[in-house]
Amino acid sequence: MAQLVVYGTRQFAAAVTTIGTNAFAPGDSIVCFEGSAAAAYCESSSAGNARVLANITGDANLDARVTIADVTAIQRCLAELEVFADYQTLLADVTHDGAVRVDDASMIQALLAEFITAFPAR
Ligand SMILES: [Ca+2]
Ligand SMILES: [Ca+2]
């Protein structure tokens with residue numbers, strides 16, 4: 001089962017910009033950010049059953065929502081109990097400084113506690 005990972009073009013110069021009409025089979029999944037070529041592809045008819053697997057900033061554990069479990073996942077990553085894939089790192093990096101640090105976990109906690117209403121713009 002294919003899984004395409006597409007990063008934001010501002011982070012990676014080699015980000016995917018076009019996707020062939022037969023690039024995916026039923027059940028395939030795509031990890032991408034809103035506004036990317038992959039997100040546009042998922043919304044097009046040529047995507048078949050391909051779907052956006054996760055594109056939510058802060059969703060470090062890829063379950064399509066931002067919860068305390070994402071804070072835990074980041075803490076496990078920082079403690080080297082878990083290794084994040086590149087796209088998990090991008091989703092977990094809510095401060096957009098290019099790395100997953102304790103301040104990313106803190107900012108997610110601040111959002112969950114409603115001390116802030118949104119993460120900084122990417
Ligand atoms: Ca999550
Ligand atoms: Ca960060």
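Reader: What covers the buried residues of helix 2?

Author: The cover includes helix 3 and helix 4. Keep in mind that this is a predicted model.

Reader: Which residues of helix 2 are buried?

Author: Start with the general idea. An α-helix has 3.6 residues a turn, so residues three or four places apart point the same way. Now the case here. Asp70, Val71, Ala73 and Ile74 are buried in helix 2. Around the axis they cover an arc of only 160°, which puts them on the same side of helix 2.

Reader: Which residues are buried in helix 4?

Author: Asp104, Ala105, Met107 and Ile108 are buried there. Look down the axis of helix 4: these buried residues fall within an arc of 160°, so they line one face of the helix. They pack against helix 2 and helix 3.

Reader: Let me step back. How many helices and strands does the chain have?

Author: The chain has 4 helices and 3 strands. Read along the sequence, their pattern is β-β-α-β-α-α-α. Of the 122 residues in the chain, 30% are buried.

Reader: What share of the contacts comes from residues 24 or more positions apart?

Author: Take the contacts in the chain with a separation of 6 or more. Residues 24 or more positions apart account for 43% of them.

Reader: Now back to the helix pair. At what angle do helix 2 and helix 4 pack?

Author: The general idea comes first. Two packed helices are described by the angle between their axes and the distance between the axes. Here helix 2 (residues 68-78) and helix 4 (residues 102-112) pack at about 170°, and their axes are 9 Å apart. An angle over 145 degrees counts as roughly antiparallel. That makes helix 2 roughly antiparallel to helix 4.

Reader: Which residues make the contact?

Author: Helix 2 brings Ile68, Asp70, Val71, Ile74, Gln75 and Leu78. Helix 4 brings Val102, Asp104, Ala105, Ile108, Gln109 and Leu112. By class, the contact has 8 nonpolar, 2 polar and 2 charged residues.

Reader: How many residues does the largest nonpolar core have?

Author: In soluble globular proteins, nonpolar side chains tend to be buried together. In this model the largest nonpolar core has 13 residues. Ala60, Ile74, Ala92 and Ile108 have the most contacts inside it. The elements giving two or more residues to this core are helix 2, helix 3 (86-92) and helix 4.

Reader: What does isoleucine 108 touch?

Author: Leave out residues up to four places away in sequence. Isoleucine 108 then touches Gly58, Val66, Asp70, Val71 and Val94.

Reader: Let me turn to the backbone. Where is leucine 62, and what is its phi?

Author: Most residues other than glycine have a negative phi, and most peptide bonds are trans. Leucine 62 has a positive phi, near 60°. Its place is in the loop between strand 3 (51-54) and helix 2.

Reader: Why does leucine 62 count as partly exposed?

Author: Count its neighbours. Leucine 62 has 17 C-beta neighbours inside 10 Å, so it counts as partly exposed. A buried residue needs 20 or more, and an exposed one has 12 or fewer.

Reader: Is glutamate 80 buried or exposed?

Author: Glutamate 80 is exposed, with 7 other C-beta atoms within 10 Å. It lies in the loop between helix 2 and helix 3. Just after helix 2, glutamate 80 takes a positive phi of about 60°.

Reader: Which residue with a positive phi follows helix 4?

Author: Helix 4 is followed by glutamate 114, with a phi near 65°.

Reader: Where does threonine 95 lie, and what does it touch?

Author: Threonine 95 lies in the loop between helix 3 and helix 4. Not counting residues up to four places away in sequence, it touches Asp103, Asp104, Met107 and Pro120. With 15 C-beta neighbours inside 10 Å, threonine 95 counts as partly exposed.

Reader: How many residues separate threonine 95 and alanine 121 in sequence?

Author: They are 26 residues apart in sequence. In space they are 8.8 Å apart, C-alpha to C-alpha.

Reader: Where is alanine 99 found?

Author: Alanine 99 is in the loop between helix 3 and helix 4. It counts as exposed, with 11 C-beta neighbours inside 10 Å. Alanine 99 and threonine 89 are 10 residues apart along the chain, and their C-alpha atoms are separated by 7.1 Å.

Technical notes:
Residues numbered from 1 in each chain as written. Chains lettered and ligands numbered in written order. Predicted model: local features only at pLDDT ≥ 70, side-chain atom pairs only at ≥ 80, totals over all residues. Axes fitted to C-alpha atoms, helices over the stretch in contact; angles between N-to-C directions. Parallel < 35°, antiparallel > 145°, perpendicular 65-115°, else oblique. Contact = placed C-beta atoms within 7 Å. Nonpolar A, V, L, I, M, F, W, Y, C, P; charged D, E, K, R; others polar. Core = buried A, V, L, I, M, F, W, Y, C linked by C-beta atoms within 7 Å. Arc of directions from axis to C-beta.
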